[in-house]
Amino acid sequence: MQLPDRIVVGLDLEPTSCRVTRGSMAAAESALWLARQRADAHVTLLHSVVKDEYFDPLADELVPICGTVEPAARLAVSALVARFRGHGVGCETVDSAERPSLALTREVNAQRAQLALVGKHDGHEADATRIGAVALRILRESPCPVWSVAPGREIVPRRVLAATDLTATGQLAVEGAAQLARAAGAELHVVHVHPPSLRSRGARGSTHLAQLATRSTAHLGDLGRAAARVHLR
């Protein structure tokens, strides 16, 4: 598994200042760092212009109400594109008249992207939620892995945590985490949660736990297994 060469970033703009939100800026900076690890990487900055929606009884569905991107916001996004291109990373912007989660899913499919990045809230919202409804929907619906980036954190990760249930999907999560940790020079931690009944099986339980630990990183190869710290809970 290689680092992604096609990345889509969901951009959210402040409704009053037209600036890119802190979470979206953090996502964009993370995408820039990741894209610079590959010479052929390309990043798409996606913004949905949907402002609201209403229910149409004739169509029996919600209809989006779209706005326009203000010149100040367009300038801010253009400066972000210039930053990517200044580092030699191919970058483009896309405005969509579809809801954010649907727009991102369509763009990921169109670009055959291997990663989508969205920003978390900064924790100062009225309900103090860190992941908004749009980001949660993207996490559930995206056809590719999603990295939800918290603002105010270091761009290059120092520790990467992968949770696995030992299924094929869990293995993909661990492989992706290993690639990210290798690129960042970060620690890789792999966690598997096992049934509590294993604790009461004596020697048999200990043997089984050792097998679970081996299976958690078996697909990473010798170097990957040696670099990973496995935690059973």
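This is a predicted model: local features need pLDDT of at least 70, side-chain atom pairs count only at pLDDT 80 or more; totals for chains, interfaces and linings use all residues.
Residues are numbered from 1 along each chain as its sequence is written, and side-chain values use heavy atoms, with hydrogens and water left out.

**Stop 1: the cavity.** Select His 47, Arg 74, Val 77, Thr 93 and Asp 95, which lie nearest the centre among the 11 lining residues. A cavity here is a set of points on a 1 Å grid over the protein atoms alone where a 1.4 Å probe fits but cannot get out, and lining residues have an atom within 4 Å of a point. Now show strand S2 (42–48), helix H2 (71–86) and strand S5 (90–96): each gives the lining at least two residues. Helices (H or I, at least four residues) and strands (E, at least two) are DSSP runs, numbered from the N terminus.

**Stop 2: two packed helices.** Next, select helix H3 (residues 100–111) and helix H4 (residues 133–141), whose axes are 9 Å apart at an angle of about 35°. Axes are lines fitted to C-alpha atoms, for helices over the stretch in contact, and angles run from 0 to 180 degrees between N-to-C directions. On the H3 side pick Pro 100, Ser 101, Leu 104 and Thr 105, which meet Val 134, Arg 137, Ile 138 and Glu 141 of H4. Contact means heavy atoms within 4.5 Å.

**Stop 3: a loop residue.** Move to Arg 38, in the loop between helix H1 (22–35) and S2. Leaving out residues up to four places away in sequence, Arg 38 touches Gln 2, Leu 3, Pro 4 and Asp 5. The C-alpha atoms of Arg 38 and Asp 5 are separated by 6.7 Å, although these residues are 33 residues apart along the chain.

Note on methods:
On a 1 Å grid over the protein atoms alone, a cavity is a set of points where a 1.4 Å probe fits but cannot get out, and a pocket is an open set with protein on both sides within 12 Å along at least five of seven lines; lining residues have an atom within 4 Å of a point.
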